[in-house]
Amino acid sequence: MYTQSMSVPDDSASRSVQPLVSAEPAERMARFDACIDADGRIEPQDWMPEAYRKTLVRQISQHAHSEIVGMLPEGNWIGRAPSLKRKAILIAKVQDEGGHGLYLYSAAETLGTSRDQMVQALHEGKAKYSSIFNYPTLTWADVGVIGWLVDGAAIMNQIPLCRCSYGPYARAMVRVCKEESFHQRQGYESLMVMMRGTQAQRDMVQDAVNRWWWKCLAMFGPPDADSPNSVQGMRWGIKRVSNDELRQQFVDATVPQAKLLGVSLPDPLLKWNEARGHHDYGPIDWDEFWHTVNGNGPCNKERLATRVKAHEDGAWVREAALAHARKRQQAALKEAA
Ligand code: FAQ
């Protein structure tokens, strides 16, 4: 039988919200709240408040844009990778990031916003994407550091999103996290090799760590006290762990990794705090973060221009695919007649 449920996994028995098309608004809201309180999943055909839908489209589309723009800094090095093995790994990684963007655009489309609308918002500079991708990759060591630290930060943020209250986003995150974890390991391994190399290679790794460390801490978003979306996002089970908590988890996980690698982290205030059971760290430059988020970082304009050009250059592919689909549809209709 053809119903809407054909397009989503058959887990309806475990869901506590049923489509309530004809129910009164207060009743729908109560059912939605009950589902959230019971830690249930909201699915595309379920009723949801407009603000919940809007918040999800905002976060998921920004996340998708980050994956797609995030292909660029590392993509710059595909033609300059130091060996065939490193080149093959890097091509696969960048391709994975493209795949993540596509799952995420698809998840956001289930909320009623088309991929074209989201991409247009990005190209018009109206949509955000992660601040981290507005910095240049100056040396080969940057590629390893992106894997280790940027993917490392991304995983820390994304593991809790596997439990997000919106089903399609949570399910997309499970696969994304598995892939990101390989990305993190390949970055770390590539840095390990460089650290066992020449002094010039070790210096190159240290320089890259110095340039990326603070940007990675800022990736988790503003401090909780200055995060306008956090309270409601947590109430709705979209966010599960706060920006500051995730940042702290990342610092605590990364310090021993840096030690093993043999690099220092560029923060004189970084030290273990026995009483807190966590590392203390120095102040983050939030002015620099907002400057970048607001479009004025070192590579913002270049990144956006590259995306717009790629989209324009790909117009013929989209047109050809549509023409082909139309042709197949006409042939099928003719056959059925
Ligand atoms: N950059 O109130 P909050 C990756 C904005 S994927 C730019 O705390 P929220 C994979 C925020 O949107 C990396 N803007 O917001 C990869 C909001 O503005 P709005 C991306 C930022 O949503 C690796 C305003 O500041 N990951 O790396 C940033 O509750 C290697 C106030 O902030 C995700 O997107 C930022 N860093 O929390 C690819 C994960 N931080 O929208 C290639 C999903 C905050 O009100 C190579 N997203 N803002 O105008 C999230 O978990 C959340 O959206 C946060 C922000 C935590 C990013």
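Biologist: Hi! By class, what's in the lining of the second largest pocket?
Modeller: Hi! In this predicted model, that lining has 6 nonpolar, 3 polar and 4 charged residues.

Biologist: Which residues lie nearest the centre of that pocket?
Modeller: Of the 13 residues that line the second largest pocket, Arg115, Val119, Arg307, His311 and Arg318 lie nearest its centre.

Biologist: And which elements give two or more residues to the lining?
Modeller: Those are helix H4 (84–109), helix H5 (115–123) and helix H12 (300–313).

Biologist: Which of them gives the most?
Modeller: H5 does, with 5 residues in the lining.

Biologist: Nice. What volume does the second largest pocket have?
Modeller: About 330 Å³.

Biologist: Let me pick on Arg307. Which helix does Arg307 lie in?
Modeller: Arg307 belongs to helix H12.

Biologist: What is Arg307 in contact with, leaving aside neighbours within four places in sequence?
Modeller: Its partners are Ile68, Val69, Leu72 and His123. As for His123, that residue and Arg307 are 184 residues apart along the chain, yet 7.4 Å separates their C-alpha atoms.

Biologist: Switching to cysteines: how many disulfides does a search of the whole structure find?
Modeller: The search comes back with 0 disulfides. Take Cys35: the nearest cysteine sulfur is the one in Cys164, and that is 11 Å away.

Biologist: Last topic, helix H11. Which residues of H11 are buried?
Modeller: In H11, which covers residues 286–296, the buried ones are Trp286, Phe289 and Thr292. They cover an arc of only 125° around the axis, so they sit on the same side of H11.

Biologist: What's exposed on the other side of H11?
Modeller: Asp287 and Asn294 are exposed there.

Biologist: And what covers the buried residues of H11?
Modeller: The cover includes helix H8 (199–218), helix H10 (243–261) and H12.

Technical notes. Residues are numbered from 1 along each chain as its sequence is written. This is a predicted model: local features need pLDDT of at least 70, side-chain atom pairs count only at pLDDT 80 or more; totals for chains, interfaces and linings use all residues. Side-chain values use heavy atoms; hydrogens and water are left out. On a 1 Å grid over the protein atoms alone, a cavity is a set of points where a 1.4 Å probe fits but cannot get out, and a pocket is an open set with protein on both sides within 12 Å along at least five of seven lines; lining residues have an atom within 4 Å of a point. Grid points are joined across faces, edges and corners, and a volume is the space filled by probe spheres set on the points. Helices (H or I, at least four residues) and strands (E, at least two) are DSSP runs, numbered from the N terminus. Ala, Val, Leu, Ile, Met, Phe, Trp, Tyr, Cys and Pro count as nonpolar, Asp, Glu, Lys and Arg as charged, and the others, Gly among them, as polar. Contact means heavy atoms within 4.5 Å. A disulfide is a pair of cysteine sulfur atoms within 2.5 Å. Buried means under 20% relative accessible area, exposed over 50%, partly exposed in between (1.4 Å probe, protein chains only). The arc is that of the directions from the helix axis to the C-beta atoms.
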